[in-house]
Amino acid sequence: LWRQRSRKLNTHTLVFWLALNDMLVGMFVIPSTLPSLFTKRQIDIPQKFCSVSGVVTSVTVTMSVLIVMCLTVDRFIAVKFPVRYPRICSRARIHLITGIVWIEAILFSVVPLIPQFGGYRFNNSTCTCNKKIGRDKTNPFSISFYILCVVIPLVTVVVAGAAIVVILLRKPKLSAQLQRIRQRV
């Protein structure tokens, strides 16, 4: 019972951060878009407000993606290595990974405030303040952001999710094989 309880604490920690993140989206990101949505006309948003709104939006969206990736990997390890799971995913490691994810999300959200990286600008079609990357799509910042915050989490979630499905589909076969072996003995 104690091991089962500690096993769930790691997942609960990640789910807590995901829930907190989603609450921040509901408190800060969605209300900032409401005036534009209801007036159906172009609104001039002050640059400082747009920068703050852009950073908060970017942090929360990036955090959601990265926490979902961490949850998927956590569940994969729990399914693939159930006996070693408490040692692999200790509470300290979960807190360390969560801290790294926060630092990554904040770093990639604050860097655009540096003038060389473009800043944030209001987009009337989406009613949000987005990163202003510029015409140069080969900007090292935009490439690294895309790879670290979009491609790697997406590929990780798909591969780990598929591996979980395969492992779970094979479990009935393993139990059927064990029953046949027991019948022979």
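Is Arg75 buried, partly exposed or exposed? Hi everyone, let's find out together. Arg75 is partly exposed, with a relative accessible area of 33%; buried means under 20%, exposed over 50%, and partly exposed in between, using a 1.4 Å probe and protein chains only.

A quick word on the background. This is a predicted model, where local features need pLDDT of at least 70 and side-chain atom pairs count only at pLDDT 80 or more, while totals for chains, interfaces and linings use all residues. Residues are numbered from 1 along each chain as its sequence is written, and side-chain values use heavy atoms, leaving out hydrogens and water.

Back to Arg75: its partner in a salt bridge is Asp74, with the closest N and O atoms 3.0 Å apart. A salt bridge here is a side-chain nitrogen of Lys or Arg within 4 Å of a carboxyl oxygen of Asp or Glu. Asp74 counts as buried, at 2% relative accessibility.

Now the whole chain. You'll find five helices and two strands, in the order α-α-α-α-β-β-α along the sequence. These are DSSP runs numbered from the N terminus: helices are H or I with at least four residues, strands are E with at least two. Of the 185 residues, 33% are buried.

Finally, have a look at helix 5, residues 140-184, where Leu148 lies. Leu148 is partly exposed, at 38% relative accessible area.
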